[in-house]
Amino acid sequence: MLNKIKKQFNKKTNFEQWPGIIKGYKKWLPINKNTPIITLQEGATPLIELESINQIIGRNVKVYAKYDGLNPTGSFKDRGMTMAISKAKEEGCKAVICASTGNTSASAAAYAKKGGMKSFVLIPDGYVAQGKLAQALVYGAEVLAIKGNFDTALEIVQRLANEFPITLVNSVNPYRLEGQKTAAFEIIDSLGEAPDYLCIPMGNAGNISAYWMGFNEYLTEGISKKLPNMVGVQATGSAPLVFGKIIKHPETIATAIRIGNPVNKEKANIVKKESKGTFLDVTDEEIIKAYQLLGKQEGIFCEPASAASVAGLLKIKEKISNNATIVCVLTGNGLKDPDCAIDNNEAIFKQGIEPNFEEIAKSMGF
Ligand SMILES: *Cc1c(COP(=O)(O)O)cnc(C)c1O
């Protein structure tokens, strides 16, 4: 097996690049011969075994991270955005708009530019991680920071898209979820079967709905034989789906899931019911603990919202059955939120050291 892969790599001229999720999963997506494919070759992200978490849980469970922070703009949003932007282009649209806690705006801006379109993004002023804001600016979006939270921004962009010739690319756009379901396909393609549990952070709950759609489509086609229990995780200060009510003033360090009124709440509740799943909340402290564990023990740097999936798994570890296969979705890249990283680590970081050999050797403990 390995030899075969090596051979393929050595024959450089024959080695084909991954073409992105639309070409990669063409038959599963609502495209036709007139759809222009706007791609940055998203998808085909790693599925990494988390040995330290295997050990914590024990009982022969196998835990994997679907590291979707390795997409072109650093989050799973790219899977949905390649579809949304390609369909917008097919329909002749010239501009797109979204409300965003950061990653949607980064992704929309990048794909809109790739497709030759203009993008407008509404963000909650002061609540978007630095890296994400930097991306939207570099990709040339028009960034409008409002004195309000995500939920307010979403209400406004929905109205703007209704009244003006501009396409909405939030996860109410059905093409977003179509693209995002390909992550479930990739997991089954890698493992040969669906996992027993899928742990995933929920904000607007588009992604959990997309995964469920993907798992069901492979089951219907007979590619897999079972469906996972879906474990949806929210931050305690921002957990409308766990508490079953709108949260007027959501708060959490995990800004990507700082959403009090998820647009996909009906869909999410169906996923919970159909998969006999669990929704639970984790505190910011638990999120940071999982975030640090992933960095220190596994060499994986994800954003705090993503670490919520692992924090959620650790919280319900006693309920996980023996020998289970579990996938935790790491939705975004840690580089997006450098402030969180610098404020929350236990690294040795000595500053102001004189640039001489003896002094440095001494600080190293020699
Ligand atoms: C968007 C996002 C989420 C939440 O996804 P939903 O589809 O809104 O539930 C989680 N983590 C990261 C990093 C995100 O960018």
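## Helices α4 and α5

In this predicted model, helix α4 crosses helix α5 in a right-handed sense. Helix α4 is formed by residues 77-90 and helix α5 by residues 103-114; their axes come within 9 Å of each other and cross at roughly 40°.

On the α4 side, the residues in contact are K77, D78, M81, T82 and I85. Their partners in α5 are N103, T104, S107, A108, Y111 and A112. Sorted by class, the residues of this contact comprise five nonpolar, four polar and two charged.

## Ligand surroundings

Which residues come nearest to the ligand, of the 16 around it? They are K77, N103, N204, A205 and T331. Two of these residues, K77 and N103, also take part in the contact between α4 and α5.

From N103, a polar side-chain atom is placed 2.6 Å from a ligand oxygen atom. From G203, a backbone N or O atom lies 2.8 Å from an oxygen atom of the ligand. For N204, a polar backbone atom is 2.8 Å from an oxygen atom of the ligand.

## Helices α9 and α10

Helix α9 covers residues 182-191 and helix α10 covers residues 206-220. Their axes come within 7 Å and cross at roughly 50°, which makes α9 oblique to α10. The handedness of this crossing is right-handed.

From α9, the contact involves A183, A184, F185, I187, I188 and D189. From α10, it involves Y211, G214, F215, E217 and Y218. The contact of α9 with α10 contains eight nonpolar residues, one polar residue and two charged residues.

## Helices α10 and α12

Helix α10 also meets helix α12, which is made up of residues 265-274. The axes of α10 and α12 come within 9 Å and cross at roughly 45°, and α10 is therefore oblique to α12. In this pair the crossing is left-handed.

Which residues of α10 meet α12? They are I208, S209 and W212, and they face K267, A268, V271 and E274 of α12. By class, the residues of the contact of α10 with α12 are four nonpolar, one polar and two charged.

Technical notes: Residues numbered from 1 in each chain as written. Predicted model: local features only at pLDDT ≥ 70, side-chain atom pairs only at ≥ 80, totals over all residues. Heavy atoms only, no water. Axes fitted to C-alpha atoms, helices over the stretch in contact; angles between N-to-C directions. Helix = DSSP H or I, 4+ residues; strand = E, 2+ residues; numbered from the N terminus. Parallel < 35°, antiparallel > 145°, perpendicular 65-115°, else oblique. Left-handed = near helix turned anticlockwise from the far one by under 90°. Contact = heavy atoms within 4.5 Å. Nonpolar A, V, L, I, M, F, W, Y, C, P; charged D, E, K, R; others polar. Near = heavy atom within 4 Å. Polar contact = N/O pair within 3.5 Å; in protein donor to acceptor, adjacent residues only side chain to side chain.
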